[in-house]
Amino acid sequence: MPVRCIFIFDTEILNRLEDKADRRMVFIHNALQQIHKQLIARGGSLHTYFGSPPEVWKGIIAEAKPHAVFANEDYEPYARKRDTAVAVLLQAAGSVLHLFKDQVVFAPDEALKADGKPYTIFTPYYNRRMALLGSTHLESRPSEQYLGNVLQEAPATLHSLADTGFKPLPQNELHIPGSHISDSLMLNYATNRDFPALPGTSHVGVHLRFGTVSARQIERRAAELNAMVFQKELVWREFFMMILYQFPQVLNQSFRPEYDRIQWRNNPAEFRLWCEGRTGYPIVDAGMRELNATGFMHNRVRMAVASFLCKHLLIDWRWGEAYFAAKLIDYDLSANNGNWQWAAGSGCDAAPWFRIFNPLLQAQKFDGKMEYIKRWIPELLTGEYAQPMVPHEAGRDRAKAVYSAGLGRSIGNAAG
Ligand code: FAD
């Protein structure tokens with residue numbers, strides 16, 4: 001049966017994006033143009049729609065009367081609700097929605113404890129998942145070989161970026177990474193990954209997020225090379241997807257509810273300084289400036305800026321989470337939420353609450369020659385750089401006192 005390929009610009013998602021020059025929209029739009037070209041070469045077309053998905057589907061059902069609809073499963077709470085509503089509409093019209101696992105190697109309900117309950121700690125989840133991992137999980141399923149089934153028709157006109165209310169960005173501000181990961185990057189990942197000045201990580205997050213690379217293919221190669229440390233990071237991605245799926249309350253609440261008793265200071269002026277990379281802590285400021293300029297930040301630095309916001313400034317992790325969500329090109333709800341809760345201490349498998357990163361030591365350890373820092377803070381060389389907005393020891397001690405009061409626990413051993 002011939003297949004028509006469609007893409008819906010979902011206004012429920014897009015309307016929430018305040019900045020209309022969003023590199024993620026440019027990324028998606030570029031990818032759609034590529035797909036459109038491939039389909040035209042096979043005598044077909046891509047069709048794009050813009051609106052609220054149930055409304056769009058009512059139109060498609062009336063116009064095209066699809067026999068069946070095929071899509072890949074999305075595990076986020078909003079997407080699940082949306083896809084259920086679409087399935088109901090299709091069923092009422094005598095059609096059917098088929099959803100497939102594709103964006104992950106293990107779906108969020110596949111690697112469970114012996115009693116059928118979800119894991120909440122990473123290491124046992126990882127061990128179970130590795131024990132269950134078989135070659136069928138990682139096998140290639142190249143959709144290109146089915147392109148001959150595409151409905152033969154005149155090319156449709158795609159929505160332009162402007163049609164969707166978004167603006168293009170100049171080429172030099174796009175910073176869209178490639179999807180290829182070299183073997184040497186995977187093999188040297190364990191040694192290089194913590195140093196932000198090195199090109200030691202893959203930057204593949206945005207491709208995993210939007211499905212422009214296969215999660216199976218990447219993990220297969222990591223497994224073939226025995227690049228275990230890299231493979232483990234891919235498992236963290238699926239761990240946090242599983243957590244959000246199994247515990248959707250983490251969307252707004254701390255995984256550990258007692259953390260919602262912490263009396264955050266939430267000072268808007270201080271938050272602004274953090275956002276703008278003007279805290280006076282070079283590793284924090286370099287990270288925030290990299291994020292603002294490119295939509296990316298190195299993982300080691302993400303941990304440092306998140307810890308600084310939650311602990312030194314005592315600003316609710318949800319503020320930081322929202323800022324990252326607006327800016328990150330590889331923004332992923334579950335990874336972002338999980339990692340922010342990890343940094344704040346409120347997450348399922350989080351850092352202990354009294355462990356407070358020293359941002360100066362972090363810089364010394366992971367950017368000893370200040371190569372990364374100088375790349376983003378040129379005024380370090382001219383002596384015009386800001387003083388720390390709060391001295392490290394004072395910020396650390398205040399955080400311990402406020403956390404301790406909120407959690408009703410005495411102070412544990414300090415680290416860092
Ligand atoms: P690599 O180091 O090359 O890793 C390969 C892939 O593994 C990544 O692309 C990602 O898909 C996955 N991965 C690696 N580390 C993690 C992790 N800790 N948690 C989940 N998946 C991981 N990652 C996101 O994909 N989206 C986010 O919105 C996001 N927000 C974060 C917020 C904070 C506060 C922190 C501390 C981390 C966040 N991360 C997020 C995790 C991690 O920082 C990024 O995945 C990583 O830096 C992306 O760079 P890369 O593609 O070069 O990763």
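This is a predicted model: local features need pLDDT of at least 70, side-chain atom pairs count only at pLDDT 80 or more; totals for chains, interfaces and linings use all residues.
**Stop 1: the whole protein**

Start zoomed out, with everything shown as a cartoon. You're looking at 17 helices and four strands. Along the principal axes, the C-alpha atoms fill a box of roughly 65 × 55 × 40 Å. How does the radius of gyration fit a compact globule? For 416 residues such a globule would come out near 22 Å, and the protein has 23 Å, so the two agree.

Now try colouring by burial: 49% of the 416 residues are buried. Take the contacts between residues at least 6 apart in sequence, and 78% of them join residues at least 24 apart.

**Stop 2: helix α14**

Select residues 333-344 next. That's α14, with twelve residues. From its first C-alpha to its last, α14 reaches 16 Å, close to the 16 Å expected at 1.5 Å a residue.

Is α14 mostly covered or mostly open? Mostly covered, with ten of its twelve residues buried. Show side chains for the buried set, which includes Leu333, Trp340, Trp342 and Ala344.

Glycine 345 follows α14, and its phi is positive, near 95°.

**Stop 3: α13 against α14**

The crossing of α13 past α14 is right-handed. Which residues make the contact? On the α13 side, pick Trp317, Gly320, Glu321, Phe324 and Ala325. On the α14 side, pick Asn336, Asn337, Trp340, Gln341 and Ala344. Sorted by class, this contact has five nonpolar, four polar and one charged residues.

The spacing along the helix is worth a thought here. An α-helix has 3.6 residues a turn, so residues three or four places apart point the same way.

**Stop 4: α12 against α17**

From α12, select Cys310, Lys311 and His312. They meet His392, Gly395, Arg396, Arg398, Ala399 and Tyr403 of α17. The contact of α12 with α17 divides into three nonpolar, three polar and three charged residues.

**Stop 5**

Leucine 314 has a positive phi of about 50°, although it is not a glycine. Is it buried or exposed? Leucine 314 counts as buried, because its relative accessibility is 0%.

Click on isoleucine 315, in the loop between α12 and α13 as well. Isoleucine 315 is also buried, at a relative accessible area of 0%. Leaving out residues up to four places away in sequence, isoleucine 315 touches Trp264, Asn266, Asn267, Glu270, Phe271, Leu309 and Cys310. For a distance to check, go from isoleucine 315 to proline 268: they are 47 residues apart in sequence and 9.0 Å apart in space, C-alpha to C-alpha.

**Stop 6**

Jump to serine 202, in the loop between α6 (183-192) and α7 (205-210). Serine 202 is buried, with a relative accessible area of 16%. Setting aside neighbours within four places in sequence, serine 202 is in contact with Ile181, Leu185 and Phe230.

Then find methionine 370, in the loop between α15 (359-366) and α16 (371-376). Methionine 370 has a positive phi of about 60° without being a glycine. With a relative accessible area of 32%, methionine 370 is partly exposed.

Finish at serine 410, in the segment after α17. Serine 410 is exposed, with a relative accessible area of 63%. Beyond residues up to four places away in sequence, serine 410 touches Trp353 and Ser404. Serine 410 lies 9.8 Å from phenylalanine 354, C-alpha to C-alpha, though the two are 56 residues apart in sequence.

Notes
Residues are numbered from 1 along each chain as its sequence is written. Side-chain values use heavy atoms; hydrogens and water are left out. Helices (H or I, at least four residues) and strands (E, at least two) are DSSP runs, numbered from the N terminus. The expected span of a helix is 1.5 Å times one less than its number of residues. Buried means under 20% relative accessible area, exposed over 50%, partly exposed in between (1.4 Å probe, protein chains only). A crossing is left-handed if the near helix is turned anticlockwise from the far one by less than a right angle, and right-handed if clockwise. Contact means heavy atoms within 4.5 Å. Ala, Val, Leu, Ile, Met, Phe, Trp, Tyr, Cys and Pro count as nonpolar, Asp, Glu, Lys and Arg as charged, and the others, Gly among them, as polar. The radius of gyration is taken over C-alpha atoms; the globule rule is 2.2 Å times the number of residues to the power 0.38.
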